[in-house]
Amino acid sequence: MDTFAEPYTRAGDDISLDAVRDHVRALEARHKANGVQLSGRIIHVCHYLPVTCTITSTAAKDGVLSPPPTPPRVLADVPPSPSDELPPLALPAQPERWKVAPRYGHSAMTSGIRSLSVTHEQIILGWTGDILSPAAPPDGNSSPDGDVNPSTGERVPSVRDRVPSSRISHEDKDALEVELAHYIDKNGLEPETGKPISYLPLWMEDNVAHGHYDGYCKQTLWPLFHYLLWQDVATEHASADANYDYYEQANQAFATRLASVLKPGDLVWVHDYHLLLVPRMVRNAMHSGAVSGVGGENGGDVTIGLFVHTPFPSSEVFRCLPRRKEILDGMLGANLICFQTYSYTRHFTSTCVRVCGYEVTSKGATAASASASRSASVVPRSTTATGIEFTRSGKGKKGGAGVEKYVGIDVQGHVASVTHCPVGVDAERVARDTLRAGVQPKLEALRALYADKKIIVGRDKLDVVKGVLQKLRAFEKFLHDYPEWQRKVVLIQVTSPALTDSPKLERQVSELVAHINGEYGSLDFIPIHHYHQTLRKDEFYALLSAADLGVITPLRDGMNTTSMEFVIAQERTKRSPLVLSEFMGISQHMADALQVNPWDLGDVAAAMNRGLVMSEEEKASRHAALHSVVTTHTSHTWAAVLAKMLLSQINGQNTARQTPYIPRDSLKTLYENAGKRLFLFDYDGTLTPIVKMPSMALPSPDALTALAKLSSDPNNIVYIVSGRDQAFLEEHLGHLPRLGMSAEHGGFIRSPDSAVWMNFTATLDMSWMEEVAEIFRYYTERTTGSHIEMKKSSITWHYRSTDPEWGLFQCRQCQDLLENNVVPKRPIEVLVGKKNLEVRPIAVNKGEIVKRILYQNPGVEFIFCAGDDKTDEDMFRALLLFPPSSTGKATMEPPLSVMLVDNTKEHSDVELAVSPEAVFTTAVGHSSKRTLASWHVTTPEEVVEHMLHLVGEVPKGPGEEVKGYM
């Protein structure tokens, strides 16, 4: 079953940065050699641009036009003669409209993105943020009464510092784009030989922008992802849906802006929980033809990745979200979804299975084995319901291909890969910052101030998940349980202000600090020094360098940069140990830290004592291991691995052919021009949606209307080719006399205008059914919610109503038993369907029935065949009548289904009247679904809608289905 001891990084990702970049180049070369279109661009979609924008001059303020510029002074009282040559007048310089400065916060992500300029041209698309007035400080920090952004630690401009977006003119917006086109971040230290980085601003109305970020993101999603429900952090009446409309509008704005700049072959990375709907929205736009040159049969494709920087909660927490399906479906529009740790990928896949009922599959990906990648072989690992199967082949010549297999979530044929990749810090930049001129004086001052004391350092944002209160209580227990440390150790706790729960927490922290200092302090000694402020860089690195012990114990966190910066800062000083919470995403990454449960105060107190009494040898050993990890898995390596993984999603199977959407006009034209027409429909998932209980899958009034209209035309031959039994089809469709039916995947057939069923299994040995039924009964007893469906020609085990993961596991066990012990002895085959396992005779399938119908009706000039699952691929395969680029007529041999029933006479080949362009094999599902069909529609409702269009009817159901993904 599932393992909880997965490595923090995947095999092959722990090589050098140069090797990963060489691997990226090898993958791109391989794709280009195979004819895959690549643009060489990576587009990053982030909530904020990594810059703050201050408007210094504008054409209009507060609705009042600015006065015209003062005319130039006249050089002489008397106007000059027209013949005099005057020097040109020096006009005053136009004032600079915008001032752009770096935005502080998310430094690891920003650094990683910039590092990709070594290999790729890049575009960073993001919201401009609040536009600042000239009175605000240029670095984006506001006046003292501003709040603090809980994600970045930077101050949020106060209302008086902000310029409303409605006051920014189109000319101002254009001017900002020009300014950003020439912007170079001097702090970023972009490589001189690097490729350009462009900044693409997104403008949103203030109410949408703040309803999105301050509303749904911070009041609903952020608490949920940190195992808090909205009522736990709300100060008033909690509503998880209050700001969802703003969230959706903002995501649509991002998707629309992104679609406007997409080119075939682009790689797109969408970052974090602010933009979870964007992947689906962009994919919708691509496949509906809204993006020029992207999608469709001849257009190039775009590969979309989503990286979630926060933790992802277990399914039992996530399912509390009212908009859970919309959020999951939005995420699953991506080709690749990446999290910080393996455990977060397990939570996500489990949520998709348990909440949405989607199926987990494995998905292969390209892995070019460049010489620089030193491709060591990795032992294959079996795929579990939520595990990752990963295989890399190191064999073959340079540039050969291996295979990486990811867990995939199947959504109507579109398979989204799920994996993990840890974020690091920019280790080189942090190391440089520790050597800043201002660090050493402050470090010496701290050492002098606490010359005879051990220093424990903590630095956290003051929000509810950072565990500051628990840390203080643990320190109190440490002083109580280890009295020898009283008056010999100080805790310096710095808390940067945060928006969420800051006033309440600040009061609680202050009261607890006062209590501990009163209990264990004196007039000449204070055990806890609490500073509620944002530190300057020099102060921050001096504090980390002076520490004898670092204590970082959040209750839930994704990546915590302070822990990594602590390790780097300690490299040149004491190499002190680090106490870390096991509930952090990086805890697996930093196994040599002293890991604790922050809720267990005694455990944390013991870890503090152990860290302070640790021998120098153990300190050096642990520090060396931590330092190696932190300097190897940097933000630059993270970004390069993301690019590699996204490129590996492109392979021949995924990009060689996107199934185009069925052309409605051509369909109707060829239908009307044909003399005789053939329609072949699957039932479940094609005419009706898949439902939890098969007995509830009833045809809609629109579906019945379409079938009645089509079958009543004497020029049409209409068949339902289903896995259902005869009784079900007759009960719900038997009132249509001219409707032909095939039941049990081709085991039985009833011709139009006939009430007699023909049995194709009458001459077959069916004694195997009891043996299979006994196996199915064994698994039914052990799988609550499963049941057996006995048919005359096949037997099916359904597990749709079981626990999703347990049912899938049992299905695989049962399949393995059948294929290894029964199939070799019997003329049967095992089919894995949607939440079911079916066993049927080899000679009976839908393809054989289609061949029989076509053989008996060779004069048809138009064929429409629709299906949604693996059994329907037999129909599509049977209708591959013409070789590629053929324009001639096709001939057909007598099929097995004809000779089995009527073997008393000879059957000869027949010539078919249909032409290649009049064969419409249509898969129901996503356009990237692997299928033999020539066309696709997205939902069963669209199949019915197209049929009604052929007969001049319109859907009468509730609302028209929107064409596109999902």
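**A guided reading of the predicted model**

Arg487 is partly exposed, because its relative accessible area is 40%, where buried means under 20% relative accessible area, exposed means over 50%, and partly exposed lies in between, all with a 1.4 Å probe and protein chains only. The model is a predicted one, in which local features need pLDDT of at least 70 and side-chain atom pairs count only at pLDDT 80 or more, while totals for chains, interfaces and linings use all residues. Residues are numbered from 1 along each chain as its sequence is written, and side-chain values use heavy atoms, with hydrogens and water left out.

Arg487 is found in the loop between helix H13 (468–481) and strand S19 (489–496); helices (H or I, at least four residues) and strands (E, at least two) are DSSP runs, numbered from the N terminus. The phi angle of Arg487 is near 70 degrees, a positive value in a residue other than glycine. Most residues other than glycine have a negative phi. Asp272 also has a positive phi, near 80 degrees, and is likewise a residue other than glycine. Asp272 sits in the loop between strand S12 (267–271) and helix H7 (278–287), and with a relative accessible area of 8% it is buried.

Two helix pairs can be described next. Two packed helices are described by the angle between their axes and the distance between the axes. Here axes are lines fitted to C-alpha atoms, for helices over the stretch in contact, and angles run from 0 to 180 degrees between N-to-C directions. The axes of helix H4 (residues 206–225) and helix H6 (residues 244–259) come within 8 Å and cross at roughly 120 degrees. That angle makes H4 oblique to H6, given that angles under 35 degrees count as roughly parallel, over 145 as roughly antiparallel, 65 to 115 as roughly perpendicular and the rest as oblique. On the H4 side the contact is made by Asn207, Val208, Gly211, His212, Tyr216, Cys217 and Leu221, and on the H6 side by Tyr244, Tyr246, Tyr247, Gln249, Ala250 and Asn251. By class, this contact of H4 with H6 has 8 nonpolar, 5 polar and no charged residues, where Ala, Val, Leu, Ile, Met, Phe, Trp, Tyr, Cys and Pro count as nonpolar, Asp, Glu, Lys and Arg as charged, and the others, Gly among them, as polar.

In the second pair, the axes of helix H1 (residues 17–33) and helix H19 (residues 635–648) come within 9 Å and cross at roughly 20 degrees, and H1 and H19 are therefore roughly parallel to each other. From H1 the contact involves Leu17, Val20, Arg21, His23, Val24, Leu27, Glu28 and His31, and from H19 it involves His636, Thr637, Ala640, Val641, Ala643, Lys644, Leu647 and Ser648. The contact of H1 with H19 has 8 nonpolar, 5 polar and 3 charged residues.

Three further loop positions are buried. Pro50, in the loop between strand S1 (41–48) and strand S2 (51–55), counts as buried at 9% relative accessibility. Leaving aside neighbours within four places in sequence, Pro50 is in contact with Ala101, Pro102, Arg103, Thr110, Arg114, Ile124 and Tyr199, and its C-alpha atom is separated by 9.4 Å from that of Trp127, 77 residues apart along the chain. Lys466 lies in the loop between strand S18 (454–461) and H13 and counts as buried at 11% relative accessibility. C-alpha to C-alpha, Lys466 and Ser581 are 10.0 Å apart in space, though 115 residues apart in sequence. Ser793, in the loop between strand S29 (787–790) and strand S30 (795–798), counts as buried at 1% relative accessibility.

Taken as a whole, the protein has 29 helices and 37 strands, and buried residues make up 56% of its 966 residues. Among contacts between residues at least 6 apart in sequence, 76% join residues at least 24 apart.

Notes. Contact = heavy atoms within 4.5 Å.
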